[in-house]
Structure formats: C-alpha cells, structure tokens
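Here's a quick tour to follow with the structure on your screen. Take it one topic at a time, and look for each residue as it comes up.

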Amino acid sequence: MEENKIIYLDNASTTKVNDKVLQAYIDAKKNFFANPSSIHVEGVRAQRALDEARNSILFSLKLKDKEVIFLSGATEGNALALKGVANRYKNRGNHIITSNVEHPSVLKNLEQLEKNDGFKVTYLPVNEEGKINLDDLQNAITKDTILVSLMAVNNESGAINDIRKIGLILKEYPKIIFHVDATQAIGKENIDYQNADLITFSGHKIHGLNGTGALIKNKNIELYPLIDGGGQENNYRSGTNDVAGAISLALALKIALDEQKETQNHVALLYKELYQYIDSNKEEYIINSPKDGSKFIFNFSLLKKKASVVVEALSNNKIMVSSTSACHSKKENKSEIIYRMFNDESRARNTIRVSFSNKNNLEEINELISELERITKEVKNR
C-alpha cells in the first residue's frame, strides 16, 4: 500500500464529499447569501434557488406530487416524522408499529413517545435475513394504529425491506401514515417510494455534505413542528434556510441517481470479492448480511478474534472499517441488530461492517483481505 494512502470502507457511516458538490456549495454561499425570507431582490433570488433545489429533489426521485422539507439530516427528519405525526394525529389513535432493528434516531424517539406521551409501540421482530414478516405487520395493526415506521435498508446488516409491498398493505388502512427511513437506500438501491407517505435521507451518505438532509412528505399530511419560530419550511422547520446546503443536497442526489446503475455494478464486484474470501474461511468468520441484501454493506463476525482488536489493527494499517454502526460503536460493544437477527451474544459482540462506495476499488479489497489474513494469524486478543 502507498505510504500515506487510506483505505476508507466505512461509507455507511459517512462518505467523502464529491468535489462537484462541495464546489456547488461554495458557489451558492457566495451567490445566494441573502435570507430567502427577505422580500428584497437578493432575498427573492435566494428563495428562487431554494425552490429550484426542492423541485430538483422531487424530479430526481420521481416524486413530484410530494413536498420537501430541508433539515440537518435524517436524524432530525426521523424525529420530525415520528413526533410530528404522533402529536398531530393522536386524536385518531395512540399506536405505532416499527421493527426492533431500526436506527437509534427512530427507536429513541419512539421510546420517548412511549414514556412521555402515552403512545404504545409494537416492535416487530426480524428473521435471520434481517426482515420483518409481513403477516406480523398485518396482525399488529389495530384500530388505534396511526403510524408505521420501517427503514428501507438496514444500516448494519444491509437487509432490504420490501417498501413497495409494505406500502400496498398499508394503503388498505387510510388512517395509517407510512414513514420510511431511506438513509442507506436513496441513491443506492432501486426502491419504489410511491406508497410511502414520509421519506427521510441525509446528504452525507451520498457524497454530500454533513448537516444536509430532507424529509419528503405527502402534501395532505400535517406535522407538529419540532422547532417553532419564523415559520420557514412551510412552518415545519423554523430558522433561516441554508440555501447552499439545499443546493448541494439536490446536486448530490442527482449525481448519485445518475450514476446509480454504474455504481451498483462496481460495488457488486467489490462485495463479491470480499464475500468469497469470508465465505471460504468458515473457521475464522461467519456472514451476517443476507444474500439478497444491499451490496453496499457487508457484515460478518469473527469466530476467534475480538472485533475491536481487529478493527483497531486494521485502522493502524490505514484501513477503515467499523464494528457496529457509528451511532453505537463508541458506546456499546455489541451489535443489537445482529443479536436480534441471530439471538447469538458472541456473534453480536464480534461483528465487522465493511461498507462500499464507487470511490473504492478491487485493489483496496484485496489489501483488506491480505490484512485480515495477517491479523487473524498474528494479532492476539486483548
């Protein structure tokens, strides 16, 4: 490996910003610096640029009948979707359905709604492929159900939920609002969101900027805002708009979707190379990711070594992978998602997640494989 080269394989955590996106942000900061809420000429120019970014996102996703709320990312988007719906429609019912492998930004908000606001939440289990049983979903629906929140692609296992089919099931229940956390899916997987009522995603997962994201919603759905103030973003997210951030997000999404097919094919080759190595060394590893999951995420467990030791050894050799999602790794030493898939404590405590982007290549995967070979032979557990 080149002396100063870093092999970055933690793209499910965050991605390197695209140079074109960064330049678009810088240019927009210079050109649209005015507050778009202002009625003078520069404010109107900024508002027009903001609206164009909004329309670009809907056009890119073929969701032109919906509307975009610009936010700081999917974490804020998930909070607004869940609490916004729950508090707006609690007169209809107090029951929410989700799965037990959702992102913490979903689970923590639902815990708060249970603890502080009297909502009842059903946490659907998943099978060893990381998916819910659709019969379980159907059976969990009650007359008080007002919201179902399910992720499109799991951030640790790569499992893909059938969002189209779930949406069709929920269309039979007009009172139920369907929220999809699409953070690991948009720009990567071919998923039909037409039947989703609320969709969240972040820019930094698709080579955009940290601090950019959006909640896309059906126009007929109302939300209680998390942030009150000047009434920006149609009263759903007050505060002076980040016009440059919105422009950069729209461009990052357009590039990701324009390159999606090519990126999928490229990443599939990287996935296959690593999969074949891990699968051919069953005395050292066991695979956690489902075969039909996203090829952008590959999760496996070590059978003889501690994941934390191996991840540290790889990092010291300038190869960046993760042991759990970035939202858990500094706080816990067990993957709750892998535990809930397999009910295996040892397996869940020794996971490694490798996540790819179109910036990676086969040479890097072979470097990773070579280092794994060395580490499993030489490095001792601590």
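A residue counts as buried when its relative accessible area is under 20%. Phe 298 comes in at 0% relative accessibility, so Phe 298 is buried. Keep in mind that this is a predicted model.

- Strands of a sheet pair through backbone hydrogen bonds, and the pairing can be parallel or antiparallel.
- Here, three strands make an open sheet in the order 9-10-12, with antiparallel pairing.
- Strand 9 (285-287) and strand 12 (351-355) each have a single partner strand, so they stand at the edges and one side of each has no neighbour in the sheet.
- Going from one strand to the next, the twist averages 30 degrees.
- Strand 10 (residues 297-302) pairs with strand 12 over five bridges, in the antiparallel sense.

**Aromatic rings**

- How many aromatic pairs does a search of the whole structure find? It turns up seven.
- One of them is Tyr 271 with Phe 298, an edge-to-face pair with 5.2 Å centre to centre and 75 degrees between the planes.
- Tyr 271 sits in helix 8 (residues 260-279) and Phe 298 in strand 10, so this pair ties together parts that are 27 residues apart in sequence.
- Phe 298 also pairs with Phe 300, this time in a tilted arrangement: 5.7 Å centre to centre, with 35 degrees between the planes.
- Ring pairs link up a cluster whose members include Tyr 271, Tyr 285, Phe 298, Phe 300 and Phe 356.

**Charges over rings**

- Tyr 271 shows up again here: the charged end of Lys 295 sits over its ring, 5.1 Å from the centre.
- Elsewhere, the charged end of Arg 88 sits over the ring of Tyr 89, 4.9 Å from the ring centre.

- Is strand 7 mostly covered or mostly open? Five of its five residues are buried, so strand 7 is mostly covered.
- Both faces are covered: Leu 198, Thr 200 and Ser 202 are buried on one side, and Ile 199 and Phe 201 are buried on the other.
- Strand 6 (residues 177-181) runs parallel to strand 7, and three bridges join the two. Look for His 179, which stands opposite Leu 198.
- Strand 8 runs antiparallel to strand 7, and five bridges join that pair. There, Ser 202 stands opposite Gly 213.

- Most residues other than glycine have a negative phi.
- His 207 isn't a glycine, yet its phi is positive, about 65 degrees. You'll find His 207 in the loop between strand 7 (198-202) and strand 8 (213-218), and it is buried, with a relative accessible area of 13%.
- Lys 318 also has a positive phi, near 70 degrees. Lys 318 lies in the loop between helix 9 and strand 11 (319-320), and at 30% relative accessibility it counts as partly exposed.

Technical notes: Residues are numbered from 1 along each chain as its sequence is written. This is a predicted model: local features need pLDDT of at least 70, side-chain atom pairs count only at pLDDT 80 or more; totals for chains, interfaces and linings use all residues. Side-chain values use heavy atoms; hydrogens and water are left out. Two strands pair if DSSP finds at least two bridges between them. Helices (H or I, at least four residues) and strands (E, at least two) are DSSP runs, numbered from the N terminus. Axes are lines fitted to C-alpha atoms, for helices over the stretch in contact, and angles run from 0 to 180 degrees between N-to-C directions. Rings of Phe, Tyr and Trp (its six-membered ring) pair if their centres lie within 6.5 Å; planes under 30 degrees apart count as stacked, over 60 as edge-to-face and the rest as tilted. Buried means under 20% relative accessible area, exposed over 50%, partly exposed in between (1.4 Å probe, protein chains only). A charge sits over a ring if NZ of Lys or CZ of Arg is within 6 Å of the ring centre and within 35 degrees of the ring normal.
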